[in-house]
Amino acid sequence: MARVLVIDDAADIRVLLTKSLERAGHQVAAAASADEGLAELRRSRIDVVLLDLEMPVKDGVACLATIRSDQALARTPVVMVTGTPLREVVQRVVQLGVQGIVIKKDNWVPGLVEQVGKLLTAAPPSAAAPPTEVSASSSAPAAAARASAGPGGALAGGFGPAVPSASAAPSAASKAAPASVAAGTSGSRLVVESWSSPVISDAEGAMTGERAMELLKSLKPMIARSELLEKMLAEAASVPAIRPAVQQVLRLTERAESSIQAIANAVRQDQALSLRILRMANSSLYAHGERVDSVAKAISRIGLAQIRDVVLSVAIVDAFGTVAAQGSFRPDWFWEHATACGLLATRLAQACGRPKDYCETMFTAGLLHDLGRLLFAEHLPEHYPKVVETAERLELPLETVESRLLLLNHADITDRLLRHWKFPASLIAPVAMHHLSVGNITAAAPRSANDVVPLALANRLAHAMLMGSSGNEVLYPLEDFVDHLRLDAGRIAEICGNATTELADLRLNMLMHSGESGHPYVDAVRARLGDVRPLTLALQPATDPMSIMVGMLLGGAEPAEPNLITLRIRTPSERAGAMRLLDEALSSADVAMPVLVLGNSRACLLGEGSLGGRPTRQVTLPLGLGRLLREMQRLTGISPQ
């Protein structure tokens, strides 16, 4: 049986690859850092190494250089895995010798597992094969070849020597960090090389998802030295310890013999904390029966199993409640989105019949799922605004831009912090995986996917319902998540319908404390939409993110005089049914309205000329909100607000 070593600092990726490789019949060892991986390599027999390129402290290039310079390890096959295939870095790993480079993108894991199988078939485990040349990984898209060959070029030949001779020593260049990430430090501040925003030229035509990704790939990361992110985490980890009452509650809840009265006495030392716990216990999340009027009763209602997480989350909310606003990243909108995710995740878990303790854990998970973005904003005040701005300009998901420019995204940071603060694994896993697709969640956690999916769906629903913003203005598809949980459309509609009132209750009683008195996020989007009045068509409107969003913008009413039709096509098999809906709507319309088609992929979109000469635009989800509004305004001839 082959032994595969996965070296990746992201916990969700380690779990995803471990589960996928084990199902393929391999034994898997996993390491969270280059040094940990090197130690495992020296300790055990390893047949193939899957090595992440972007890691803090020691990155994949430095780890690969160490492997190739160690006589005992030099012949170990290595496949490099990366989400940011920079040309100069790809060239460097090719120089050092790899069996392939795989790009982290949609559905990349099955291709990687297949490549490992082929590699082991071609070279039996532990065989000391002579140096050979290997071709580019079949899993790597053309973007990797372009990154390697330069603009307009093609990758000639293979990836260079797969395994150098045992006596080969790394060059001076190989001992240095990649040019894109090497820079000095000054005190505790993060120092970056000269960095400029992407140049967007209208002469190149309308922005598309493909063009936006190409522009993003052309940008160098901002990170100077990855280890400074570890320093940032170390500084942030001490935040909850600021308040003595919180410290005492945490100590008491670690002891099984602690009573409700003892914990209540600790909470009462802090008047503000006492008030927040009382408000939480009386909120719509926990309220049943009469209102509680004492801290002890509040703790009893919340439960000893949950009070530690509630107190800790309250301390975190307070500690990060006043981060400076940056574009669409505002504290009041951030906490509204976080609270909405917690509320929706709780209600979704309840609808799935999950235990009470798990449902209440989901509120804390939702509350903290984007915490890493607040850490970025606080600890990288000169740089994170540029990340947010770049995501807005390219109209890409903020987590995608974070991964490219910071080499870590907010879920990676939050995952590490929650582990440091000893939150339960049942809470951490949904947070770490909340941006994964259903397929990747199922692959990473086949036995506990139902515990992860409610938060992922809640996050997408909160985006569709325009319930606050964490700086990530994106409309995501969500039907796959609904199908996975086997929830009917009526239950989703009921949860969404109740959420607005429940969120207002939670916001007033518990969380909205930042001092911001600006207008709600949905009002800001409504103002940007202007006089566009969409009529939304979908075979399953209750789970269509576009129908949900427009319902929020129009206050749940149908537009009196629509001037645009949006048509949702989830899968290619839905095209015929969607066209029937459209034909019915067009036959009853007084005017020839333009049509905006939204598909989950290009395969879902309509063929050229399907709607005759009618003004039509076709886009795919996920989609940046800015581009979505702009497409609607272009079709209706309304000037952007």
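A: Aspartate 309 lies in helix 14, where a helix is a DSSP run of H or I with at least four residues, a strand is a run of E with at least two, and both are numbered from the N terminus. The model is predicted, so local features need a pLDDT of at least 70 and side-chain atom pairs count only at 80 or more, while totals for chains, interfaces and linings use all residues. Residues are numbered from 1 along each chain as its sequence is written, and side-chain values use heavy atoms, leaving out hydrogens and water.

With a relative accessible area of 6%, aspartate 309 is buried; buried means under 20%, exposed over 50% and partly exposed in between, for a 1.4 Å probe and protein chains only. Not counting residues up to four places away in sequence, aspartate 309 touches Thr364, Phe423, Pro424 and Leu427, contact being heavy atoms within 4.5 Å.

Helix 14 (residues 304–319) also meets helix 10 (residues 244–253): their axes come within 10 Å and cross at roughly 160 degrees. Axes are lines fitted to C-alpha atoms, for helices over the stretch in contact, and angles run from 0 to 180 degrees between N-to-C directions. Helix 10 and helix 14 are therefore roughly antiparallel to each other, since angles over 145 degrees count as roughly antiparallel, under 35 as roughly parallel, 65 to 115 as roughly perpendicular and the rest as oblique. On the side of helix 10, the contact is made by Val246, Val249, Leu250 and Thr253; helix 14 contributes Ile307, Arg308, Val311, Leu312 and Ala315. These residues divide into 7 nonpolar, 1 polar and 1 charged, where Ala, Val, Leu, Ile, Met, Phe, Trp, Tyr, Cys and Pro count as nonpolar, Asp, Glu, Lys and Arg as charged, and the others, Gly among them, as polar.

Other buried residues lie in loops. Serine 470 is found between helix 23 (449–464) and strand 6 (474–475), and at 0% relative accessibility it counts as buried. Leaving aside neighbours within four places in sequence, serine 470 is in contact with Phe329, Phe334, His337, Asp370, Arg373 and Leu398. Serine 470 and tryptophan 335 are 135 residues apart in sequence, but their C-alpha atoms are 7.8 Å apart in space.

Leucine 466 lies in the loop between helix 23 and strand 6. Although it is not a glycine, leucine 466 has a positive phi of about 55 degrees, and its relative accessible area of 2% makes it buried. Glutamate 395, in the loop between helix 18 (384–394) and helix 19 (398–405), has a positive phi of about 55 degrees although it is not a glycine. Glutamate 395 is buried at a relative accessible area of 14%.

Of its 641 residues, 56% count as buried. Among contacts between residues at least 6 apart in sequence, 75% join residues at least 24 apart.
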